[in-house]
Amino acid sequence: MTDPLGQSQVIPYLIGLSKYDYDFTILSCDKPDNYKANKEYVQKLITPYPIQWVSLPYHKQPPILSSLYDFWLLKRKAEQLHKKEKFDMVHTRVGLPTLVALYLQKKYSIKFLNDIRGFWADERVDGGMWNIKSPLYKSIYQFFKKKEIACLTKADYNVCLTYAAEKEIHSWQNIPAQPVPLEVIPCSVDLDLFDPLTINREVKEQFKKELRISDDDFIISYLGSIGGWYLTEEMLRFCKLVSDKIPKAKFLFISPHQHTAIANAAAKVGLLPDKLIITHAKRYEVPILLSFSNYSIFFIKPCYSKISSSPTKHGEIMSMGIPVITNSGVGDISTIIAKYNSGYVVNDFSDESFIIAINKIIHDDLFDKNTIRDGAKKFYALENAVNKYKKVYTAIFDK
């Protein structure tokens, strides 16, 4: 919960659902440094609502053994909490939490909502975390792929993030009784927080001075973590080509970590240091920093697992009325951009494709901020997500 995604893609849903007389206990694993820095902020978010939060320390080392230990801790704590609270349902994201859910469902007959926030095992392979040439990681991958099917089959209901993932899951022949019950709920955005009309002008001026941004700078931003399937070098190569064509261009990276890696990647492609602005931000500061953007960019590895991906950043950027520059092959993004006229999509990462997009930026910049924000309201609104979850919860409890 002390990571940005916990604060944007878990807590707001539960707050919304609590208005329908649901009480929640959040059980999470949190990185010790993040927990120390953000514990009070998270607790402040949930205190007015019937939501309690139990946090366990997340362990990263040694590989595999630390995950087994985290699973043991989660399972033990979940069982302790159930004996006290008598849960009616367990709602989990994929990965280790689903193993706990399957255990609780089998032992205590608790209803189970399987929230597929991505094709988890495939993401670990595609992101370079699991090398399946290793017999050990291959066996781990196969284990979780079997559990993926077990969860889809045994869950009382399933949720996924994209229509592309829904189509893929319903095509799987190794699942009996297809189509399994499945609701598409994209990552949502808090339209009140990400609202260009509510930006604090004084704070924006402070950032402007600190980051040395001028009124006539042409800002392309990037929001979020880097590494894994986020293609940092390709994005910075695009930025270098933009810089060659637009002298006043600067590139604002709003990222929580790996700032040196960003700078090194920029140097590798020949982007001058004075063209690069790298900073980090608390969640409430992100909209202010995004508001400097003429465009926002994100390139994601277009691999199999990413058809299930709904990047949180996309809804947040659209909500600010900012057009995006991104690539095809990721979730429903290409469809969304075409439907709401909200950016440019490159089909590959060649210089030729980049130049085509850059020329459009220079000559065909016809985007309307209000139209883009209206698209975010229709597709990514938090209210829509809460209503869909309410529909799923009702279907489960009416069984």
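Where does Pro 62 lie? Pro 62 sits in the loop between strand E2 (51–57) and helix H4 (65–85), and the views below take this spot and several others in turn. This is a predicted model, in which local features need pLDDT of at least 70, side-chain atom pairs count only at pLDDT 80 or more, and totals for chains, interfaces and linings use all residues. Residues are numbered from 1 along each chain as its sequence is written, and side-chain values use heavy atoms, with hydrogens and water left out.

**View 1. Two cis peptide bonds, both ending at a proline.**
Gln 61 to Pro 62 is a cis peptide bond, with omega near -10°. The bond from Gln 178 to Pro 179 is cis too, with omega near 0°. Pro 179 belongs to the loop between helix H8 (163–169) and strand E6 (182–184). Helices (H or I, at least four residues) and strands (E, at least two) are DSSP runs, numbered from the N terminus.

**View 2. An open parallel sheet of 6 strands.**
Read across the sheet, the order is E9-E8-E7-E10-E11-E12. Two strands pair if DSSP finds at least two bridges between them. Strand E9 (276–279) and strand E12 (343–346) are the edges, each pairing on one side only. On average, neighbouring strands are turned by 25° against each other, direction ignored. Strand E8 (residues 249–254) is joined to E9 by 4 bridges, and Phe 253 stands opposite Ile 278 in E9.

**View 3. Helices H13 and H15 on the sheet.**
Helix H13 (residues 312–319) touches strand E7 (218–223), strand E10 (295–298) and strand E11 (324–327), and its direction makes about 175° with that of E10. Helix H15 (residues 351–363) touches E7, E10, E11 and E12, at about 170° to the direction of E12. Contact here means heavy atoms within 4.5 Å; axes are lines fitted to C-alpha atoms, for helices over the stretch in contact, and angles run from 0 to 180 degrees between N-to-C directions.

**View 4. Helix H9 (residues 201–211) and its buried face.**
Lys 204, Phe 207, Lys 208 and Leu 211 are the buried residues of H9. Seen down the helix axis, they fall within an arc of 105°, so they line one face; the arc is that of the directions from the helix axis to the C-beta atoms. Buried means under 20% relative accessible area, exposed over 50%, and partly exposed in between (1.4 Å probe, protein chains only). Over on the other side, Glu 202, Lys 209 and Glu 210 are exposed. The buried residues pack against E8, E9 and helix H12 (286–290). At the N-terminal end, Asn 200 caps H9, with a side-chain oxygen 3.0 Å from the backbone nitrogen of Glu 202.

**View 5. Positive phi at Ser 109 and Gln 258.**
Ser 109, with phi near 60°, is in the loop between helix H5 (96–108) and strand E4 (111–116). Ser 109 counts as exposed because its relative accessibility is 64%. Gln 258 has phi near 55° and belongs to the loop between E8 and helix H11 (259–268). At 41% relative accessibility, Gln 258 counts as partly exposed.

**View 6. The largest nonpolar core, with 66 residues.**
A nonpolar core is a set of buried Ala, Val, Leu, Ile, Met, Phe, Trp, Tyr and Cys residues joined through side-chain atoms within 4.5 Å. Leu 236, Phe 238, Phe 251, Leu 290 and Phe 299 touch the most other members. Helix H10 (residues 232–245) gives the largest share, 6 residues.

Terms used. A polar contact is a pair of N or O atoms within 3.5 Å; within protein, one must be able to donate a hydrogen and the other to accept it, and residues adjacent in sequence count only if both atoms are side-chain atoms.
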